[in-house]
Amino acid sequence: MELNGEQLISAPIPEVWRGLNDIDVLAKSIPGCEEISRISPEEVHAKVMFKIGPVRARFAGKLLLSDIIPDQSCSMAFEGSGGAAGFAKGKSRVELKQSEGGTLVCYTTEASIGGKLGQIGGRLISASAKKIADDFFQQFAKELGGETIALESDAGSK
């Protein structure tokens, strides 16, 4: 599965970068987040409750950061297990760009999913992942005291 997107957040780049690296902000922004902890500057562990289609499960996972360029970009490798519900693992890249009205957050994600989740149709998984990402960015922007700003390319899809 691939998920790519852009979100315009009405906050300056340094503030967005700090928020993306702040465990408290992430805990409040990640849909279904029950627990999150920083193990090291490059490693984060989390427990999250997700509902994707008919499958509802608590996932425990870890995120490893690499290729970190402060206020610009980073890469992430992630893996999580939801017991009988299945597993997810993959990689993602996030880039921050100055834009009129705030910071443009561009992301690309490649993930593989197995178990019960892997049996759900790809469209349902993709739609659920897109909704989770949109919900994350909406709440993340609120935590920063701003909002997400609709991009012209998004106007027809909402």
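## The hairpin of E5 and E6

Gly83 takes a positive phi near 60° in the hairpin of E5 and E6, where five residues lie between the strands. Helices (H or I, at least four residues) and strands (E, at least two) are DSSP runs, numbered from the N terminus. The model is predicted, with local features needing pLDDT of at least 70 and side-chain atom pairs counting only at pLDDT 80 or more, while totals for chains, interfaces and linings use all residues. Residues are numbered from 1 along each chain as its sequence is written, and side-chain values use heavy atoms, leaving out hydrogens and water.

E5 and E6 run antiparallel and are joined by nine bridges. Two strands pair if DSSP finds at least two bridges between them.

Glu43 is found opposite Leu64 in E4. The two strands make a hairpin with two residues between them, and Gly53 in its turn has a positive phi of about 60°.

E4 also pairs with strand E5 (residues 73-81), in the antiparallel sense and over eight bridges. Gly61 has Gly80 of E5 as its bridge partner, and Lys62 has Glu79 of E5. Three residues separate E4 and E5 in their hairpin, and Asp71 in the turn has a positive phi of about 65°. In a regular strand, side chains alternate between the two faces of the sheet.

## The whole chain

The chain has four helices and eight strands. Their order along the sequence is β-α-α-β-β-β-β-β-β-α-α-β. The radius of gyration is 15 Å, close to the 15 Å that the globule rule gives for 158 residues, so the chain is as compact as a globular protein of that length. This radius is taken over C-alpha atoms, and the globule rule is 2.2 Å times the number of residues to the power 0.38.

The C-alpha trace spans about 45 × 40 × 25 Å along its principal axes. Of the 158 residues, 38% count as buried. Buried means under 20% relative accessible area, exposed over 50%, and partly exposed in between (1.4 Å probe, protein chains only). Among contacts with a separation of 6 or more, 51% come from residues 24 or more positions apart. Contact means heavy atoms within 4.5 Å.

## Nonpolar cores

A nonpolar core is a set of buried Ala, Val, Leu, Ile, Met, Phe, Trp, Tyr and Cys residues joined through side-chain atoms within 4.5 Å. The largest one has 28 residues, of which Ile9, Val16, Ile36, Leu96, Val105 and Phe140 touch the most other members. Helix H4 (residues 122-143) supplies the largest share of this core, six residues. Another core, of eight residues, lies apart from it and includes Ile52, Phe59, Ala85 and Ile120.

Leaving aside neighbours within four places in sequence, Ile9 is in contact with residues including Val16, Val105, Phe137 and Phe140.

Ser92 sits in strand E6 (residues 87-99). Is Ser92 buried or exposed? Ser92 is buried, because its relative accessible area is 13%. Its side chain reaches the backbone oxygen of Thr108 at 3.0 Å and makes a polar contact with the side chain of Thr109 (3.0 Å). A polar contact is a pair of N or O atoms within 3.5 Å; within protein, one must be able to donate a hydrogen and the other to accept it, and residues adjacent in sequence count only if both atoms are side-chain atoms. Not counting residues up to four places away in sequence, Ser92 touches Cys74, Ser75, Met76, Phe78, Thr108 and Thr109.

Asp135 lies in helix H4 and is partly exposed, with a relative accessible area of 33%. Asp135 and Ser29 are 106 residues apart in sequence, yet 8.0 Å apart in space, C-alpha to C-alpha. Beyond residues up to four places away in sequence, Asp135 touches Ser29 and Pro31.

## Cysteines

A search of the whole structure finds zero disulfides, a disulfide being a pair of cysteine sulfur atoms within 2.5 Å. Cys33 is buried, with a relative accessible area of 19%.

Cys106 is in no disulfide either, and the nearest cysteine sulfur, that of Cys74, is 13 Å away. Cys106 is buried, with a relative accessible area of 12%.
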